[in-house]
Amino acid sequence: MDKAQLAQEIYNIAHLTGEFTLRSGLVSNEYFDKYLFESNPKLLKEIAEQLANYIPEGTEVLAGLEMGGIPIATALSLKTGIPVVFVRKEAKAYGTCKLAEGADIKDKKVCIVEDVVTTGGQIKLSAEDLKQVGANVTDVLCVIDRQQNGKENLYEAGLSLHSLLTMEDLVTVSN
């Protein structure tokens with residue numbers, strides 16, 4: 001499957017219309033229900049196959065953000081053999097009290113993995129949290145960049161966004 005075919009498959013399975021409030025607070029008349037493509041084994045495997053090519057050289061750990069980035073990061077880990085860590089929005093207050101569960105990230109080159117990026121707000125917060133526990137974070141991978149200043153906002157925070165697909169890619173296949 002090539003990138004255009006993947007975009008078409010994702011669009012067909014995950015594109016919804018209506019009125020949706022995004023995490024950023026913005027309201028959109030279309031929404032890509034990430035869980036519909038993340039829960040589809042055929043699509044998830046294909047996403048991992050293609051997104052693996054975007055992993056920055058030297059990445060030592062993939063960091064899947066709660067909750068949507070976790071299946072993507074896990075699939076990428078299975079594809080590449082790169083260890084994975086699961087990142088909470090905030091450290092749990094019991095047990096290990098960790099922010100990031102799984103592989104050791106201290107002094108490691110960590111690449112954040114997310115499903116859909118709109119403004120990049122949660123990614124910036126999570127990147128700072130990961131840096132606080134010793135990770136070296138400069139790169140972010142995502143499946144869909146909604147092209148609503150996320151790439152620019154992340155760049156201003158010292159992060160490079162590498163996206164498999166953009167909103168433009170998805171809109172193009174829908175026409």
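The model is predicted, so local features need pLDDT of at least 70 and side-chain atom pairs count only at pLDDT 80 or more, while totals for chains, interfaces and linings use all residues. Residues are numbered from 1 along each chain as its sequence is written, and side-chain values use heavy atoms, without hydrogens and water. Helices (H or I, at least four residues) and strands (E, at least two) are DSSP runs, numbered from the N terminus.

**Salt bridges**
- The structure holds 4 salt bridges (a side-chain nitrogen of Lys or Arg within 4 Å of a carboxyl oxygen of Asp or Glu).
- K34 pairs with D115, with the closest N and O atoms 3.5 Å apart. K34 sits in helix 2 and D115 in strand 6 (residues 109-117), so this pair ties together parts 81 residues apart in sequence.
- K34 is buried at 18% relative accessibility, and D115 is buried at 1% (buried is under 20% relative accessible area, exposed over 50%, partly exposed in between; 1.4 Å probe, protein chains only).
- K79 and E49 meet at 3.3 Å, N to O. K79 is in helix 4 and E49 in helix 3 (residues 41-51), 30 residues apart.
- K79 is partly exposed at 41%, as is E49 at 31%.

- E38 lies in helix 2 (residues 34-38).
- E38 is buried but has no salt bridge; K34, the nearest side chain of opposite charge, is 6.1 Å away (Lys and Arg count as positive, Asp and Glu as negative; His and the chain ends are not counted).
- Neighbours within four places in sequence aside, E38 is in contact with L44, G68, P71, I72 and D115 (heavy atoms within 4.5 Å).

**Helix packing**
- Helix 1 (residues 3-14) and helix 7 (residues 167-174) pack at about 80°, with axes 9 Å apart. That makes the two helices roughly perpendicular (65 to 115 degrees; under 35 is roughly parallel, over 145 roughly antiparallel, the rest oblique).
- Axes are lines fitted to C-alpha atoms, for helices over the stretch in contact, and angles run from 0 to 180 degrees between N-to-C directions.
- K3, A4, A7, Q8, I10 and Y11 of helix 1 meet D169, L170, V173 and S174 of helix 7.

**Backbone geometry**
- Most residues other than glycine have a negative phi, and most peptide bonds are trans.
- The E66 to M67 peptide bond is cis, with omega near -5°. M67 is in the loop between strand 3 (61-65) and helix 4 (69-80).
- Q147 has a positive phi, near 60°, and N149 has one of about 75°.
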